[in-house]
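The sequence and the structure come first, and the reading follows.

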Number of protein chains: 4
Amino acid sequence: LWLIGARGSVATTVSIGLSALRRGAMPTTGLVSQLAPFAHLNLINFDQVVIGGHEIRRPRLIDEAYKLHESTRAFERSRVDDAAADLEEIDACIRPGVLHGVGPTIAGLADAEWCGAVLPSAGEAVQRVAADLEEFRRAHSLARIIVINLASTEPPFDARTLPTEWDELAAQLAAGTAVLPASTIYAIGALNAGTVYINFTPSVGSDLAALQQLARLRRTCHMGRDGKTGETLVKSALAPMFAMRNLEVMSWVGHNIFGNLDGQVLDDPANKKTKVTSKDALLAEVLGYAPQTHISIEFIRSLGDWKTAWDHIHFRGFLGVPMTMQFTWQGCDSMLAAPLVVDLLRFADRAARDGAVGELAFLASFFKSPMGSHDHALAAQFQQLTRWAAERSNGAKPVKD
Amino acid sequence: LWLIGARGSVATTVSIGLSALRRGAMPTTGLVSQLAPFAHLNLINFDQVVIGGHEIRRPRLIDEAYKLHESTRAFERSRVDDAAADLEEIDACIRPGVLHGVGPTIAGLADAEWCGAVLPSAGEAVQRVAADLEEFRRAHSLARIIVINLASTEPPFDARTLPTEWDELAAQLAAGTAVLPASTIYAIGALNAGTVYINFTPSVGSDLAALQQLARLRRTCHMGRDGKTGETLVKSALAPMFAMRNLEVMSWVGHNIFGNLDGQVLDDPANKKTKVTSKDALLAEVLGYAPQTHISIEFIRSLGDWKTAWDHIHFRGFLGVPMTMQFTWQGCDSMLAAPLVVDLLRFADRAARDGAVGELAFLASFFKSPMGSHDHALAAQFQQLTRWAAERSNGAKPVKD
Amino acid sequence: LWLIGARGSVATTVSIGLSALRRGAMPTTGLVSQLAPFAHLNLINFDQVVIGGHEIRRPRLIDEAYKLHESTRAFERSRVDDAAADLEEIDACIRPGVLHGVGPTIAGLADAEWCGAVLPSAGEAVQRVAADLEEFRRAHSLARIIVINLASTEPPFDARTLPTEWDELAAQLAAGTAVLPASTIYAIGALNAGTVYINFTPSVGSDLAALQQLARLRRTCHMGRDGKTGETLVKSALAPMFAMRNLEVMSWVGHNIFGNLDGQVLDDPANKKTKVTSKDALLAEVLGYAPQTHISIEFIRSLGDWKTAWDHIHFRGFLGVPMTMQFTWQGCDSMLAAPLVVDLLRFADRAARDGAVGELAFLASFFKSPMGSHDHALAAQFQQLTRWAAERSNGAKPVKD
Amino acid sequence: LWLIGARGSVATTVSIGLSALRRGAMPTTGLVSQLAPFAHLNLINFDQVVIGGHEIRRPRLIDEAYKLHESTRAFERSRVDDAAADLEEIDACIRPGVLHGVGPTIAGLADAEWCGAVLPSAGEAVQRVAADLEEFRRAHSLARIIVINLASTEPPFDARTLPTEWDELAAQLAAGTAVLPASTIYAIGALNAGTVYINFTPSVGSDLAALQQLARLRRTCHMGRDGKTGETLVKSALAPMFAMRNLEVMSWVGHNIFGNLDGQVLDDPANKKTKVTSKDALLAEVLGYAPQTHISIEFIRSLGDWKTAWDHIHFRGFLGVPMTMQFTWQGCDSMLAAPLVVDLLRFADRAARDGAVGELAFLASFFKSPMGSHDHALAAQFQQLTRWAAERSNGAKPVKD
């Protein structure tokens, strides 16, 4: 498991959590992959996973873990104590991240000495990413690597400027003329190295024609975009209800507040735009028409990792009568995202073992903007996942003896 | 369409609504049966429906309609003005209702002169119900009758005292020794007369072994119990989300407040018990375990028909972290129930045309406690409905020329 | 009573309401001036009030009233029917409004023919306003005029460009060089004519050193700014609670959504800025420190006049424990504002009879940004009002026989 | 400081908090007595307080503290580590409590060996309470003792059976015929010993004519009932807002859920009745009329000490338009109550130094059912407190050198 943004809150939680799971020190609550329909899949065990990653900041991972404990008041301090050795090992496998096209807010968080003062060309950066992965594979004799992007949201990237053929893009990279955002550089590095690339962020990543071609060429698979953890998850469960009852949604307002590093980045209007766009697509797809929507995301420092969302749904029923539903979601962001990262690792690992190539559309239920899928209704997406599982036999063991 | 509780808020709304639909005076918002998957079913048209019913109170239907307009502030007064002639016609088709086993609160609402001072035996009451239906059929040359129970909730009825064989129950009825609640008396009258019986209330109705036998004997069909209109509808959309994400629901509290006649009846602890039991079954079925639940229903006069529910869901995620979701539902009860009544009429009519016998389990999505079905997840229930529709050809016209 | 914005929702509600009150056709709910502490003040009766006003749009007032009835579903249609004659009389007393410095969004709503194609100089506009008031006084033989500004919010106006001496400003007006927003033009016209000017909007109005001088010179009184009707009213009741308990407010987020004409104007970022600034001052004043705050106002068409606010208060208690309070306010904006307008009319009329000069600081409880007062705690503000009342004897009759 | 219920959550929090305050290890957030208007009062310092108390259970106080840390996730584990020595000292000063009239639910929590198998007569119990206090005073050479009742809520007690004269009650006690609830036994013991008795619970305590006489006879003071910590605190801030705006409250529904020991006791309908009665008095007093109210308190285990309240306020404004306000309060019960206990200690200590006799009505703002006061509006109550403070000079030092 290779995490981009390896010292962020989500990655830190993944690391603490996998450590506890490995030791059998906590229940598997929150893990989709532990549900009954997936029991026969012979998914990778928690103790078969080695973690490394890219990161642009240079605190110690264990300090990030203690900070997370303190700011969230969500889990016991002893969780970190107990994971200390594992966290130190992971820390040793973290390499400097890529800063292309991340915007000034993210760049401002980076440690200049660690990341290098001069920005290399996109092509060079791709090489470095691939080399980091290769070294990780070799050092730990890994059967395969799943790269999961957990970095902060980049500003929107205009994909129309890019060639749609991989050959052309490769030529630009070689010539040093390609302009690409970090998420895509990571994706190319990963796919080119034949590893699996999963994009848990709203950034563009591998969601480009040329990269889809690349994945097919390298016989590997990828998926994304934007993990569905909180407010949008609820939306994808609730919006179908209005559709199934033929109740007309007139407006749907969502107000999100939180105060973690991710929130600080989203406080930059450029980065926020990417996120809002990703959150807003669902309703029109599910309902078949576009009600007025408004999504706001505000950085409220005191909330830390506790993402609070208030949604107000104004709908019309029989005789045209307007009615209202409101909900408040108070979730600890990293605690919601981390288990999905573990699930994606396990499902993608199984798909890769089975030789899957291209987009892993059966993972749509995990994403706000699922690649290769237009169904946003949660139950339908979940059915895609269980159907995929039902079609699979027990399969080979995940790791060769 | 024969409505039990024909001057109640839901029935009044059905009557106003069908009148408007017949005249093309309003959109079909809220009608499930108007959705695309059902377009080919050749469902009965709004102008092919004649309405009659049973009722224990004796106000004029049109006055109830004006009162509903005033208390809900939900629809225009002109809606009632325009439906006046239709409402008067319906009023003329309403017959005195049955008061067996309804408890003192409902009995206290009844008009003694209209319902008769002396309670007949259950057997005689069944006869009268059947005769009323027969007369209605004859007077309007009806192809078939769909009876829908919209009466207030009865106190719990202990079904264990009843014979499970229809023959035995029929003998008790003939002998004058049967003790039955009104909802069951209506059901027997309806099924015995070969009409369709749909129970939109939590009362027991036809949900008894002997009546299931009766329905099969008479080659007719039935379904129930308890229309799923508001808070429970949302539950059935949301609870699967927690299950699909393996989030552990620790407690789910639902607090319902409203002030219509139904609320007044539910203010009686005996009647409330039936309702709470019906609302509470869902979670354990969907989640596979039973979290602590608490459901309260309180009569708050000022709210009238505006049923407001606050739900508080306390759940646990990764690392055992507790999180919270709350929602508030502010719905106009009759406006939510009435279109479902029209849908049930149309779907049941189609099923009856096709010769369906026994429980109409494909209608599970409409009920809090669906007969013949243990699936409470809304999306799965809706799939039952669309699958049923997909298996049907256009079918014959609903009414013979 | 002279209303600026005389065909807006608030003014329309004032007109309907005063008509009903005059006829004794409704209770006085919502009127502060009807509370016990003010019973002895001999306030002006509802039937002693004549209404006129300025307006930039040219629909018939009665049509606005019917539209308000339909869009709010808040009051009976017959309320408008019954007020028809009064509304027609008021309509005849409405004169074209002023468009200086209102910004393109408000200007875009104006009827060009009615308001005049060419913008006069500020000085000429002042003259016209004063002339309109004078004509109104003469036509109806009025004892005094209370001008209340109910117009939409103007963009921020930089008062530092203005002279602080009335003489200087008067000279600029005469010379045609003064640049003033409409709210200030109305205020000068009103004060210069010796009438009372009350600013119910967040626009600058008379809140300028030069105009305070003018009011004193003309021996008349004025007050403002920004009627406190909903979310801010609640804030001014709740924030003192946190202060009194020494609970530290870490953040206070307010999210406002509504869809009336006012909302449409506030959808323009320039106009919105004035409003947000006005809503945001309170907390720091009441708490004595400035927690992080975020106020958003979004135009959601389907809500019409129903202003819905969600507030999230994050605070810290003993042992530093963070806790949360949330509230949702669902109020019909015009119904909340209109009675306060009537109250301001009555209290200001009494103050004017008593010879009050300058700012009427005792009216602070009615305003989000009360002139001449730094106390934002509702209870303290209300005490100012009751103390003022207690100091007054019954006083003379409001109108000479 | 003598706490009745000395190992309950509130008392445990008081003990942890005073320990931290003494060491200067935390800010004084939440302490009313630290606000500016009370700075000159020379209130007792945190390091001048010695804690003892009565309790019916026998866990170690420090274990209760760790349990509170774990169940609330509200404060750091190190808070308990650091207070360990202090907690052990307090533990040594805890004496067995009284079980008269507490009802079976509270009695079921008691440790039989610790409390004694046989219930003594009320008179004997009073003696024992007084002896415990006397011993505590002697052992620590205390200048004075403030007894604060933090025990769980007793079932309602019918005071009409009691004599209103102390002499008569004293005679009954001596004769062994008096039937009294524990809260009153503690109160008599405390007042008879000349100490101050403060009742932070809804139980009857000293709120009886005979005990008021006793307090005057012994020249000591007392106050109560029922600490105002959460939902009712908000009510007392919000209800006056509706009154001041002449908005008619039609209904006010409050739904409280929580899962601590207190909640378990209130799950017994008898004990709950006392609490609901105490919470419900406020509205009619503040509004001047009695809207429909409904208060429910439900025991939801998973919430532990996190008391969550949802309030729904249905009110009517101008033109009779109904509107709605809802709030959700998510507070950690003990963290809200504990600082008030410290405040009451400090204010009551000062009053006792000044020679106050009888009810301390100036402390009304701390109580849901304040003795000697009918004003429930928070701002007015707070004014009583600041006025009392303003009337006091610096006063003597709290403890003699």
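## Salt bridges within chains

A salt bridge is taken here as a side-chain nitrogen of Lys or Arg within 4 Å of a carboxyl oxygen of Asp or Glu. The model examined is a predicted one, and a search of the whole structure gives 80 salt bridges over all chains. In one of these, A:R316 is paired with A:E248, with the closest N and O atoms 3.1 Å apart. The two residues belong to distant parts of the chain, A:R316 lying in strand β9 (residues 306-316) of chain A and A:E248 in strand β7 (residues 248-258) of chain A, 68 residues apart. A:R316 is partly exposed at a relative accessible area of 28%, and A:E248 is likewise partly exposed, with a relative accessible area of 28%.

In chain C, a salt bridge joins the side chains of C:D333 and C:K307, at 3.5 Å from N to O. This pair also links distant parts of the chain, with C:D333 in helix α14 (residues 333-353) of chain C and C:K307 in strand β9 (residues 306-316) of chain C, 26 residues apart. Because buried means under 20% relative accessible area, C:D333 counts as buried at 9%, and C:K307 counts as buried at 13%.

In chain D, the side chains of D:R7 and D:D91 form a salt bridge of 3.0 Å, N to O. D:R7 is buried, with a relative accessible area of 4%, and D:D91, at 13% relative accessibility, counts as buried.

Chain A also holds a network of salt bridges, which links A:E55, A:R57, A:E64 and A:K67.

## The interface of chain A and chain B

The contact between chain A and chain B takes 56 residues from chain A and 56 residues from chain B. The area buried between these chains is about 4,800 Å², with carbon and sulfur atoms giving 70% of that area. On the side of chain A, the residues that lose the most area to chain B are A:R245, A:F318 and A:L319, which together account for 20% of what that side buries. Among the elements of chain A that give two or more residues to the side touching chain B are α1 (9-22), α10 (231-244) and β10 (322-332). The largest share of that side, 11 residues, comes from β10(A), and by class the side of chain A that touches chain B divides into 36 nonpolar, 15 polar and 5 charged residues.

Strand β10 also takes part in pairing between the chains, since β10(A) and strand β10 (residues 322-332) of chain B pair in the antiparallel sense over 7 bridges. Within this pairing, A:F327 has B:F327 in β10(B) as its bridge partner.

## The interface of chain D and chain A

Between chain D and chain A, 8 residues of chain D are in contact with 8 residues of chain A. The area buried between chain D and chain A is about 560 Å², of which carbon and sulfur atoms give 18%. D:R73, D:E76 and D:Q330 supply 64% of the area that chain D buries against chain A, more than any other three residues. The count of salt bridges between chain D and chain A is 0, and 3 residue pairs are in polar contact across this interface, both at pLDDT 80 or more. The elements that give two or more residues to the side of chain D that touches chain A are α2 (61-72) and β10 (322-332) of chain D, and that side has 2 nonpolar, 3 polar and 3 charged residues.

## A:Q326 and its contacts

A:Q326 lies in strand β10 of chain A and is buried, with a relative accessible area of 3%. The side chain of A:Q326 makes a polar contact of 3.5 Å with the side chain of B:Q330, and another polar contact, of 3.3 Å, joins the side chains of A:Q326 and C:T328. Leaving aside neighbours within four places in sequence, the residues in contact with A:Q326 include A:W310, A:D311 and A:H312 of chain A, together with B:Q326, C:Q330 and D:Q326.

Key
Residues are numbered from 1 along each chain as its sequence is written. Chains are lettered from A and ligands numbered from 1 in the order in which they are written. Side-chain values use heavy atoms; hydrogens and water are left out. Helices (H or I, at least four residues) and strands (E, at least two) are DSSP runs, numbered from the N terminus. Buried means under 20% relative accessible area, exposed over 50%, partly exposed in between (1.4 Å probe, protein chains only). Contact means heavy atoms within 4.5 Å. Buried area is the accessible area (1.4 Å probe) that two parts lose on being put together, summed over both. Ala, Val, Leu, Ile, Met, Phe, Trp, Tyr, Cys and Pro count as nonpolar, Asp, Glu, Lys and Arg as charged, and the others, Gly among them, as polar. Two strands pair if DSSP finds at least two bridges between them. A polar contact is a pair of N or O atoms within 3.5 Å; within protein, one must be able to donate a hydrogen and the other to accept it, and residues adjacent in sequence count only if both atoms are side-chain atoms.
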